Each structure stands twice: as structure tokens, then as C-alpha cells.
Amino acid sequence: MLNRQGRPTTPGDATHNDHPTFTGNKALSQIEPLIFETGRLETTGVDYEAPQSFKSRLAELERKSEIGLPGVSEPEAMRHYVRLSQKNYGIDTGLFPLGSCTMKHNPRLNEKIARMPGFSDVHPLQPVSTVQGALEVMHTLSHWLMELTGMDAVALSPKAGAHGELCGMMAIKAAIAAKGESATRNVVLVPDSAHGTNPATAALIHFIVKPVPVREDGTVDPAVVASLAGPDTAAIMLTNPNTCGLFEKDVVAIADAIHAAGGYFYADGANFNAIVGKARPGDLGVDAMHINLHKTFSTPHGGGGPGAGPVVLSELLAPFAPVPFVRHTDEGFELVESEEEASNHGAHAFGRMTAFHGQMGMYVRALSYMLSHGSDGLRQASEDAVLNANYVRACLADLMSLPFGNRPCMHEVLFDDTWLKDTGVTTLDFAKAMIDEGYHPMTVYFPLVVHGAMLIEPTESESRASLDLFIATLRDLAMSVKRGETERFTGAPYHAPVRRMDETRAARSPILKYTPPQAALEAAE
Amino acid sequence: MRYLPLTSDDRAGMLAKIGVDHIDALFADIPSNKLLKHLPKLPLHKGEIEVERLMGRMSARTISASSVPFFVGAGAYKHHIPATVDHLIQRSEFLTSYTPYQPEIAQGTLQYLFEFQTQVAALTGMDVANASMYDGSTGCGEAVLMAHRITKRSKAILSGGLHPHYADVVQTLSEMAQAECVTLAPDVLAGEDILSQIDNTVSCVVVQTPDFFGNLRDLRAIADKCHANGALLIAVFTEVMSLGLITPPGEMGADIVVGEGQSIGNALNFGGPYVGLFATKSQYVRQMPGRLCGETVDADGTRGFVLTLSTREQHIRRDKATSNICTNSGLCTLAFTIHMSLLGQTGLKRIAEINHANAVMLAGQLSAIKGVSVLNKSFFNEFAVRLPGNAAHLVEQLASKHVMAGVPVSRLLPGAGLDDVLLVANTEVNSDEDRQAFVEALKEVL
């Protein structure tokens, strides 16, 4: 079709792939070399005057070798990293249904507040009298976390979810030691559906991991827990809602079984977004639970971190919380930084998880998120998250297979690959075809308890229109599978900045850093 | 609520499609006596203006580093960050992306991780670096556990010059992992005899340079003794900018190098988030914790990057993993990488020289004050001074005169008999006027 000036307004019938460009670029999709391939060793993008002459105090330890890192000017740096950013998919790009990861909207107000000088431009070891506002943030955040979970204490310092798990399990280990049971009580029960971090955490501090099989409905059977629990049981690590997207309906009985055996109940709080304001872990018998501030409370994932994993603790475990912690007294906020000081307040801190006081930048964002939502908004967010997941389930149940039947789920819905059997399309192929349609794939092949898992978590951030288009897309893809259009899947993605990556090659002969051509040549010789 | 797009009509229509008449039908698996009947006892939602006002008040109750002459260090440093850095890390596609598990739509993240690994390897003088740890201290703990896996021994020796928080983190982890950890006495003058501690039962020796007190340490003899006894040398730094000017640990025989990367690209943030740097020799790469990004090609043969060697990691190996780490410091690594790319080796060397020159100047000015002595023979941008009085009290007095003088050693090492020792850091942000203000204020309170 042509417009009145004779300019074509519709593309011809040729597909874009048939038109190679000179540069290899495809309009906005630019090929971008490594910074080391464009930079120059003598170039720098910062201006600093050389210092006046002075007597060096470096002993004999001055660096003699060349570092070998080129620099670039500011415009080059800007363009390089902007172009890289354009090869990334983020929540702001589109729906990001990555199950177990809670990819919700990241309000920019929180970014703005995190950059207030009283939070971002403060040193952790300034005199405590000069950081009262920062300590107030920590104290207020702790209050919100304890109210929302119904727990007695919180250890803020863990740096991410897995670090929070480690902190919680260390508190449990310390409590067991305090009872003189270290030698005998060393088994941790971990359901097969658990995140990989759970068994890894338990093993890291020399607990023996005993798997708990998941029953046919995708949940843990309290009778099985009771049969496995005994005088050697240190704890159970249970994710609730679990990774199949289901609330562990027998959670109270499970807690009772563990407690009856003298063990502790560690809850993985990765899926807390489903139940904020609806139920409190403290009411369910939980002794320790980490909260991923970067999931439930929307501190940005940032391409894989930083996170924050505060741990809420029951009355039994509270005394063992690590240093540091904040105390509120008549004179203001205090920071308890050493185990000796902690013991002056009747605590038996098990030690220290990290230098300084934890992820302040994340605390500020999470608190800002909480204040914005309020108790009503937080509950509404959880309800909407659950509603959205169930809506997706209801609209796809006739085409894709649900391993545990078409029953309500929590904030994420789990499909398996039964419906793909004998189609020549795998879960991975299906995920890659979603990329071509402009979506980030769901979590695939996790949890391990179902075959070819596809775990969809739309979060509360999606409008109904957005969900309807997502559902229509998945339905179209599913119909396409059923029609035998396998090429749409097995070769996907076709439209991403790169085609499917050869991961085997990367692992077989790892190239983990850039080597300049000349050096690479010499190394080969 | 501005963050929630669903309308009540949407909700009603969706419930109907699902086939239930009330939202609580979807929460039916929660035992009914545990389902909350009332809202939590917390305030209701607020608009942007109110949240900003509330948080702004808290911010104002804290004194920020830029508002005063500032000499506080001890593991976290106030440096200038080019404006480009903060702009770029707020690009939506970086800020709101996830761990790059789908490499075809995460080449942005993967490429900067590859650049980051290259930069860290070059700075430390090591073969390979991972895609970051939470921070220097947790990286240090992981390095010790890694050494135990490699040597199949379980005894670590920690230098008395190691940052006390790092030592505490290693100590805690070691106790919990049933490993032995010997921490030497605080070593202000870098005079400890670490060599006599090394025998064939030792898994690793952990030495920091510049150390907690600012001293530069030659690691070569320690590395030799370690290797003669089948032990590993773990070198630690808390001020990465020093690597622009001093011999990197990799050239002094270190087997694992860990440190804090905050100084490049990252704000003080009251202690976090920061970025842990972790590097080692090629032969140990499969024992490394954390993510690794590697180069490969796509189906068309185009170069690209993926996460690799993940069979070390928890999501594959579960209880047999090298570490439980999952989330790392993605966005902080990006800030590091951008700042480092702007600096290049030329800029890094220059800024490191300025840091050193400023510190040398301040050391001279302080030691000219009666009763004040600088204890270090060598240092980079931080040193220890002995004051004629209690350092913590003096720091408080100076703070009331709007000078942040440094970190009293007693804050991190209470009861070590070092109550009169102050750590003073001086970076490129300090001007002659700042130093003058410090000197004058100190004279007044002494």
C-alpha cells in the first residue's frame, strides 16, 4: 500500500531476515563490542589533576605491572551501556511471569528516596549520634515486618534470600547448641519441592539433609513429616506457599509434628507475596522465616541483585539473632554491634553475618513501598497477585496441563509438560517462543517435582488487559503446538537480539574474561 | 492505590471467570481460623507526597558525608562517582531485569558481567573472577570454605590485620560449619609473625592489604610458606582503589583474592548494598562459589554470553553445591563496571595517586600536632593515629564541630587496649580546606 506521496506504508512480503545490513545492526538492535575492544589504554573518561609531588608511603609495594584495562570517554561509555541495556528485558519492558521471583513493578519513588543524602551518603561507622534517621528506618522496617508476620524479632542484616536462610538456620543451630543437643540433633527435613538454596544452606553448616517426598496433590503430608521426625531432627525447611503455587494446607499439623520432635520450623518466605495481610507465619507455628525484600517488597532485582533477606524469628529464636541490631531507648536509637554488648541486653547473639549493618539501600526502598501501600494496599496487592494467577490458570486450563488438577492456586500457577508429550516441542522450546512474542518466559524446569515445569507468576502489577493479551498469546502458541508447527518453537527465538545460545560450548571450554587478540595468540603458541 | 491496575469491575469479572464468588475462596487452603479477619495494625496507604515527607524527615535526622569534612573509612570509603554511573544503572532494562537465566533477552546484563569479571581479574592480577558476591566480608567467608574444599583441611589462620567484621563473619561461619579458625591478635603495626602459624594442618591463611590499620603488606613470604605446606593464601582488600597503585595480590602469590568493590561506582549507603569481588587461579574455578558468565555463540554463530559452570551452584547441585549463594550484587557490579570503564587504567592510577597524596599530606599535618602520632610505616589512603585521649570521645566532640574524623578502633575492637587509636581515611573528595578544618578542630578539642 502506498500513501499519497507514493511512499510505501506497508512492508513488502520479504521478511526482515532476508535483508542483511552492512553493520550487522538491525535498526535499534545494535551489535555492541566489549568495552575492551573500543577503549584505549591511555584514555580516561574522568578529569583529575595530577597531585603535587609528595613522598610516597607505599614501601616497596608500588604496582609495576600494567593493569591492562582501557578507558573510554563519557559519551562512549554512555552509548555503550545504553546499547547494552537495550538487549535486556525488564519488568518495565513487559509482563515478566517468572514464577518464584515476584517480578512486580518497582516504584521510582523508592529509587528517589533511596538516594536521599541521609540514606545513601552515610557511612556505616559514623558516630551513632549522627545517624539517628538511618537507624529509625531500620527500626520502623523491623516493626512492619514483625507486624506483617506475627513474629517476635527480626534480624535485618542478611544480604539476600539465601543469606537469610543461612541466618535463620544458624539461629536454629545456636538454639540447639544452647540446649546441649548439638551432637545428636543434626538432621534437616527438606521437601523435594524446595528451592535449591534450602538444601545448600543446610549442608553449608553441616546439617544432614533428609528429603521429604511430596504427596500427589503437591503438598507435604504431616504424617510423613511425623514419621521422619525424631530426636535427631533439627528443623524442617518448608516453603509456604510452596513452589507448586499451593498453600500447605496442613502447615499447622506439620509445625506441630516438628515441634513435638523438638525441632524448629524454618519457613522459606520467597512466596510471602501471596499472603501478606491474609495470614501470618507466626500464627502458623513458624520459628524463622526470611523475607526477600527484592521480591515481596519490590526492591528492584537489578539483573540479579542486590537483594536483602531479613529473617523474622519466634520468641524461642529471638535471643540468638546475630549482631548488629537496633534498640530504641529514651535517648534515641542505639546500635548493638558486638556479641558482648548484645549479652548485656540478655541476648546470645550467634555471631555476625556481614560487615556493617546490612542492605540499607534496600531497607529504605522496602519501607517506602510499605508506607505507600499501607496495610490495606499490601493486602490488596496479595489478593490481586493471587487473583491474577488464578485468572491465568482458569483461562489456560483447557489447553495446558495442571499437574495437581484445576484447583485454586496462590500467586503462581504451575503447569507441566504432559500436554507437550509427543509434539516435538519441549518446555524450553515453548519458553523461547514466548520471547519472540515479546514476553519473558515463565520459570521453567522448576520445581523439580513435576516434569517440564512451567511456573507462571504474573504478580499484582498486571492489568486485566495485559493478562488477556498474555493469555491470548499463550493460547495461540499452545494451538500452534497442537497443529504441529514445531519450527516456531524449536528454532526460537528468532527475533531476540541473539538466537538460542550454545550453553554446552560455554561450559566445555570456559572463556570467563576478555583476552586481547595479541595475548590470546601468544597464549596459543 | 496507584500501583495496582485492577479495578473492582476487573476483579469481579475475573472471579466470575475463575468460578468463585469471593476472593477468599482462593485462600481456602489457609486454615480458616488462621485467615486474618482484620487488616494488620499498621497505617493505611499514602500518596507520594506523604511518603516522601515522612522519609525525608528521617533522612534529615542523619548527617550525610558530603555535608562535612569527612575522614571515615575502615572498610567503606567516600569517593566521587561520575554522574553517568547513577544515570545508567537506573535504565529500566538494567534496574528491573532478573538474573540472566534467559540469555537471549539478557545479553545486556551478561555482557557487563563478562566485562566486570575481566576488570576484577585484571585489577587483582588473577586468572578468573566471578560475577560478584554480596560484599567483601561474605566473600571472605566463602573464600575460606572454598580453601577447605580444595585442601580438604579445615583450619584457617586469620591475620590480626584483617577487618574485625570480616574476621567475625569468618569466625561465625567456621563455628557453624565445624571448621577451625584461629584469629591472631589485633596487629596495629603489621608486626605479627604469621609464618610460624603455617604448617601442614593449615588450610588457608587470610591476610588483608592494605590491612585494617592501613598498612601495606608484602605477601610473598607468606605465599611461599603456604604453598610449601599445601595451604592456600587468601588475600583480602577493603579498598579496591588501592589496586591502582599497589602490587596486586595475584603478583604476590595469592591463591584466592577477595575484597570489597564499593569504592568503585557505589555509594556509602550506610553499609550496603555493596559488591564483593572474588578472584582465583584457573585451576580452582570449579570450586568457586557464585555465578560465572562465559562467552559462547548463538545458533547463527554470533558471539554472546551465558551463565556457565552452573553445575557448581545450588539450583542444580542442591546440598552438594559449592555455596548456597543465589542472588548476588548485579546492579552494584554494573555501577562498578561503568565507573571502571570510565576510569580505565589511566584514570584509576591517577585517582589512586590523588588518594595517596592526600593521605600523605594529612598524615604530615596530624603528626605535627603535639601528642598525635601516625603509627604506620606504609599506607595507601588510610592510616592509624594515636591520640592523647580516648578516640571515641574525641570523634564525638569533633562530630559536634561538624568534622567526621574517622573510626575509633575501639568501636570494632572493644577491649583490645586500642582506645586511643583512630583510623583516618582521606580520599579524592577531601580538599585542603577539609584537612585544615580537621586539624584545627582536633587542636581545639585536645
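**Figure 1. The loop of chain A that holds Pro241(A).** Pro241(A) is situated in the loop that runs between strand β4 (233-239) and helix α9 (251-260) of chain A. Helices (H or I, at least four residues) and strands (E, at least two) are DSSP runs, numbered from the N terminus. The peptide bond leading from Asn240(A) to Pro241(A) is cis, and its omega is near -5 degrees. The structure is a predicted model, in which local features need pLDDT of at least 70 and side-chain atom pairs count only at pLDDT 80 or more, while totals for chains, interfaces and linings use all residues. Residues are numbered from 1 along each chain as its sequence is written, and chains are lettered from A and ligands numbered from 1 in the order in which they are written.

Figure 2. Strand β3 (residues 208-212) of chain A contains Lys210(A). Is Lys210(A) buried, exposed or partly exposed? Lys210(A) counts as partly exposed because 16 other C-beta atoms lie within 10 Å. By definition, a residue is buried if 20 or more other C-beta atoms lie within 10 Å of its own, exposed if 12 or fewer, and partly exposed in between, with C-beta atoms placed from the backbone. When neighbours within four places in sequence are left aside, Lys210(A) is in contact with Val187(A), Val188(A), Leu189(A) and Leu228(A). Two residues are in contact if their C-beta atoms, placed from the backbone, lie within 7 Å. Between Lys210(A) and Asn242(A) there are 32 residues of separation in sequence and 18 Å in space, C-alpha to C-alpha.

**Figure 3. The two domains of chain A.** The domain assignment of chain A gives domain 1 (111-368) and domain 2 (379-506); such bounds come from an automatic or database domain assignment. The C-alpha centres of domain 1 and domain 2 of chain A are 31 Å apart. Where they meet, 18 residues of domain 1 of chain A are in contact with 18 residues of domain 2 of chain A. The side of domain 1 of chain A that touches domain 2 of chain A comprises 8 nonpolar, 7 polar and 3 charged residues. In this classification, Ala, Val, Leu, Ile, Met, Phe, Trp, Tyr, Cys and Pro count as nonpolar, Asp, Glu, Lys and Arg as charged, and the others, Gly among them, as polar.

**Figure 4. The interface between chain A and chain B.** How many residues of each chain are in contact with the other chain? The contact involves 175 residues of chain A and 170 residues of chain B. Helix α11 (residues 360-396) of chain A supplies the largest share of the side of chain A that touches chain B, namely 22 residues. Sorted by class, this side of chain A has 86 nonpolar, 54 polar and 35 charged residues.

Figure 5. Chain B has 13 helices and 13 strands, and its C-alpha trace spans about 80 × 55 × 50 Å along its principal axes. Of the 446 residues in chain B, 63% are buried. The domain assignment of chain B gives domain 1 (8-60), domain 2 (69-75 + 347-445) and domain 3 (83-339). The centres of domain 2 and domain 3 of chain B, taken over C-alpha atoms, are separated by 28 Å. Their contact takes 24 residues from domain 2 of chain B and 19 residues from domain 3 of chain B. On the domain 2 side, the elements giving two or more residues are α10 (330-367), β11 (382-386) and β13 (421-425) of chain B. The largest share of that side, 7 residues, comes from α10(B).

Figure 6. The loop between β6 (256-260) and β7 (276-280) of chain B includes Pro273(B). A cis peptide bond joins Gly272(B) to Pro273(B), with omega about 5 degrees. Phe270(B) also lies in the loop between β6 and β7 of chain B. The phi of Phe270(B) is near 55 degrees, a positive value in a residue other than glycine. Phe270(B) counts as buried because it has 30 C-beta neighbours inside 10 Å.

**Figure 7. Lys152(B) in its loop.** Lys152(B) occupies the loop between α6 (136-151) and β2 (155-158) of chain B. Although Lys152(B) is not a glycine, its phi is positive, at about 55 degrees. Lys152(B) counts as exposed because it has 8 C-beta neighbours inside 10 Å.
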